[in-house]
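This report describes selected features of a structure with more than one part to look at. Please view the sequence and the model before reading on.

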Amino acid sequence: MRVPLSWLREYVAVDLAPRDLADELTMRGMEVSSIETVGTDWTDVVVGRVMEVNRHPNADTLWLARVDVGAAGGELEIVCGAQNLEVGQLVPAALVGAVLPGDRTIERSKIRGVVSNGMLCSAIELGLGTDADGIHILGHGDEIALGTPLADRVGETVLDVDVKPNRGDALSMVGLAREIAAFTGGALTLPPATVPEADEPTDGHVSVRIEAPELNPRFAARWFGGVSNGPSPAWMQQRLLAVGVRPISAVVDVTNYVMHELGQPMHAYDAGAVPAGRIVVRRARSGERLTTIDHVERLLDERMLVIADQEGAIGLAGIMGGASTEVGAETTNVILESAIFDGPTVRNTAQRLGLRSEASMRHEKGIGSDLPRFALDRAAGLISELTGARAGRGIVDNDPEPPERARVSMSVDRVSRLLGIDLTAQRVVELLRPLGFEVGGGPDELVAVVPPHRLDVTSDADLAEEIARAHGYERIAGRLPSAAVAPYRSDPSEPRHRVRRILAGLGLDEMVSHALIGRADLERTGHDADGAELIRLYNPLSEDHAILRPTLGPSLLNGVAENVRWRHPDVRLFDVGKVYWHHAGPPTEGERRAESAGTGRYESWEVGLIMAGGGAAGFPGDPQREVDLADLKGIVDALHDALGAARPSYRAEEAEGRHPHRHPGRSGLVCDASGRAYGSLGEIHPLVVEAWGLSGRPIDASIDLGWLLGLVPSDRRVRPVVDAQPIDRDLAVILDEATPVGELLRVARASAGPALRELRLFDVYRGPQIGPGRVSYALALRFQPAESGDVKSVEKALNKVRGSLRHHLGAELR
Amino acid sequence: MTISDDLEHIGAEAREALAAAADADAVDRLRHELLGRSGTLTALLRQLGTVPAGERPAIGQRANEVRRELESAIGDRLEELRRGDVERRLASEAIDMSAPGRPVQVGHLHPVQTLMRDLREILHAFGFEVFEGPEVETEEYNFELLNIPPDHPARDLVDTLYVAEPGSVEAGRPEPARDGTILRTHTSPVQVRAMQALEAPIRVLTPGRCFRYEAVDASHAFEFFQVEGLVIDRHTSLADLKGMLEEIARALYGRDVRTRFRPGYYPFTEPSVAFDIGCLVCGGVGCPACKRSGWMTILGAGMVHPTVLRDGGFDPAEFQGYAFGMGPDRMTMLRHGIGDIRLFFSADARFATQFAEGR
């Protein structure tokens, strides 16, 4: 909320400097987010007096004024197009070199052959109003010294106050002044609310029938005749502009002025357009239409509340009036509404119609029961004064009796315990009374009677906050935590941090990518973008971030693409992030392990890896090569080693369910000892590479993090370190080309017995010596016998390996 | 000439030849000529039998002496030559020691994740344990159970990303999911989940990713991280909260950091708190970074609202506690002087590789 200090000061005396007042408000919970000074965008605009006005010799509509700007430059000849200049007026004069709002610079110029040494300014040119027709007259007497900078005279300091949603009562000049008065001990001065009433009774012109009392607890109205609805006076326009409201006409400006002054939204109807002045407050009918004053036709339904006449809706309650009853320059009779509408209904309607306004916002936050009537009288007084209208006698009000004030009980001891400060009943009374609470009872149980505007105070916790604010948050002594701690639980995020550090140690850079991706990302990655398992947003910010990613693939490719774009083609990245999917029906085994709020949407942590470009960074003499799948497998193996999990085995993916973004002949699964896949990896499909604007053969992997961590044994027993030399043996094995080498390693490892320590593939040969369709592999095995020189047991183990390879894989051994 | 003279002669000649031997091979040849099966000294020793018996012991003894001396001299000479060889080789092998090393690629950790780990470690020291919950949440947990009923103005504080009803987007008529599924706008729903899952005393941290309908610019992102803390027991007060927040600020920004503890507003806390530190950019004088106030808000907090306590299964007459929430993205920006939050979601190596494990 924008708060011009001169306006605020009408209701409370504040002798603090703006900065100090801002700090005080902030420390009391009314955070001041900025301090702005109107007039700081004027330079060299000063007050001058019109000494002489003559016709421009060469133009019928222009004038030649002699203006005295005193110390700022004496008498100046200035050409002027406005028709309201008179000798003796005090006017704003922009000197040569002056800068006006919008960075408009004034230069010495020749207008129709006459030199103009500056410019006289209208309100609109200064940002002080909407009036563009005449020079902004500042006065006629000696009240301002000539040459005074204009900012000193009509400049204004405006605080931008962030009033919290629960403090609708402070959303006005008086509301904020009330807070300041409570904390500074100053007095609150309310504006006058006296109405000179005419003889004709209001209820002869207006009647109100409330058909939905649950949505409209209060409706007060007044009637005015003989309205002359011209522009509002300059002082009112200036204040409205300072708070960000465009002046329209006297009647409309008064409703806006009083809303900002007191916090009560109001609406004025052209009484001539409301047959017999009969107003009905009811729910809208489904399919009913209303053209609002912004000339947009709105389609309504039963969840909305309208103000209606006999024929149909004439306004959206608490939000915006209808065009048919809009007050204009021709309006002579006016009905003025000051009401309380149900906040959630106003909010819901405004949101669905996209019509949030200053008025609807105040209704949403709630209006105190004593406000509508006071505000109505205040506005009536202003309308009478400014438009010469006569106000009808009396008020039409459905509920003139003030409701019982809310009573909240509290325990002094309990509040002391909650706040950690020592309180007594007397102290509580002293703290709450300035805020308008009447406090009784004691010594421990107190009852506070809540002032009608404080709709937010309903429980002892709310009172505790008021006590803390009044006591001063800055005066609470901070305490260090005491020793009572909760029982130990392991930290679910810790293993993720461990994985991050291991991967960084292995030379990969961490990236954090968006969980929300776009349809195009999926399509570029060869992924079905219409799958029922995708979680889509109802209100995405853009199509690029409309779907929760079902796979890390697009995120990883995007990471590479981003680096390639900046000429950094050698990329090794990892991302520890979640993937998301939807599955109606009972959860699968994997889904039971995944995280979920129980809505059929699941999320699960994955580790994504991607590498592209050069392997070894160029070093003199070293061969340059592109990273390949073996490099990636090496990283995956090393991650397992570092975690202490058994290394995985790799096998080709079945055609069914293959990851579509990978090369079909170069994509595989990461499997545990039982053969269950918990990850996948491979070379990116060449068409996907192309679609992402990449080149070469990038490779990626994704691994189910939960499963991986489950492979880490919870306890680790050491094998005895024996006093015996290990024994090394090599095996040469010839296999059919169709047999995966992974099978060779798996069978060899499984059959070699517990003494096997290392198994390494060190040569692969294809060629004429062994014939077509066959491959020769050389394996190095290292055994650790329990006793030195126990060659016999090693030979036995080797024979078992040979036997298994022959039996299971049809291997030929050499 | 006597055997005795021959003996001394052979010894003297051998010593000269040894000194002149240029390499190990020459020394070996010499050893063979002297001490081999048909070497000159060996032959001489064989003639000892011809020496009269009376002289034999003295000459024999001398002969053995000469033999030992020569063997030792040969050994010394070999060692001398080997050392010379090594020195020559070393001298020939000198390289340019200013040449760079062969690069070993070291990876870099994401600064926001690192800050979250640091927060975890700081708060761990005060007994906080991590508790996690889903990112795809329900309106019930994200709002209702946190004292934010539907159509409540507090919902203005956040703009929510709603999950669509399955099939509705594909059919071209998007509607919000009927079961109220949304992307969580804060990690506060995890507080309710923690209260429902755990017994008092509770002291948990809830780090995680959050989502908001927010137009992206240098300081706003639609995905971001939060770390919240929650304490529930019978006596923890607003004063304890203040002490804790001051300690967190000191741990993160140094013992001398200036702090400000002031009223704030959150629907799920009462009283609510906003917590500021002296501006890290200008030191408190006022600058554009702190909107000329001299302060930067790093935390929101408050005493858990009685309604939220009840929703979490605790009787507010008996239990109380506080909650606080931090924005690690913003804190990381402050820590490293990062001007644009969008960098956190880029994989750009020019940014990512600036962060090291040692900070």
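## Domains of chain B

Chain B falls into two domains: domain 1 covers 3-87, and domain 2 is made up of 111-137 together with 185-352. The model is a predicted one. Taken over C-alpha atoms, the centres of domain 1 and domain 2 of chain B are 90 Å apart.

## Contact between chains A and B

Chain B contributes 81 residues to the contact and chain A contributes 85. On the side of chain B that touches chain A, the largest share comes from helix α8 (residues 238-253) of chain B, with 8 residues. By residue class, this side of chain B divides into 39 nonpolar, 25 charged and 17 polar residues.

## Strands β3, β4 and β5 of chain A

In chain A, strand β3 (residues 43-55) pairs with strand β4 (residues 63-68) in the antiparallel sense, through 6 bridges. Strand β4(A) also pairs with strand β5 (residues 75-80) of chain A, again antiparallel and over 6 bridges. Strands of a sheet pair through backbone hydrogen bonds, in either a parallel or an antiparallel sense.

Which residues are the bridge partners of Trp63(A)? In β4(A), Trp63(A) is the bridge partner of Arg55(A), while in β5(A) the bridge partner of Trp63(A) is Cys80(A). Strands β4(A) and β5(A) form a hairpin, with 6 residues between them. Gly70(A), in the turn of this hairpin, has a positive phi of about 55 degrees.

## The sheet of β25, β26 and β27 in chain A

Another part of chain A holds an open sheet of 3 strands, in the order β25-β27-β26, with antiparallel pairing. Its edge strands are β25 (407-411) and β26 (438-441) of chain A, each of which pairs on one side only. Averaged over the sheet and with direction ignored, neighbouring strands are turned by 30 degrees against each other.

Strand β26(A) is joined to strand β27 (residues 445-449) of chain A by 4 bridges, and the two run antiparallel. Within this pairing, Gly440(A) has Val447(A) in β27(A) as its bridge partner.

## Helix α13 against the sheet

Which strands does helix α13 of chain A lie across? Helix α13 (residues 460-471) lies across β25 and β27 of chain A. The helix runs at about 75 degrees to β25(A), and β25(A) is one of the edge strands of the sheet.

Note on methods. Residues are numbered from 1 along each chain as its sequence is written. Chains are lettered from A and ligands numbered from 1 in the order in which they are written. This is a predicted model: local features need pLDDT of at least 70, side-chain atom pairs count only at pLDDT 80 or more; totals for chains, interfaces and linings use all residues. Two strands pair if DSSP finds at least two bridges between them. Axes are lines fitted to C-alpha atoms, for helices over the stretch in contact, and angles run from 0 to 180 degrees between N-to-C directions. Two residues are in contact if their C-beta atoms, placed from the backbone, lie within 7 Å. Ala, Val, Leu, Ile, Met, Phe, Trp, Tyr, Cys and Pro count as nonpolar, Asp, Glu, Lys and Arg as charged, and the others, Gly among them, as polar. Domain bounds come from an automatic or database domain assignment.
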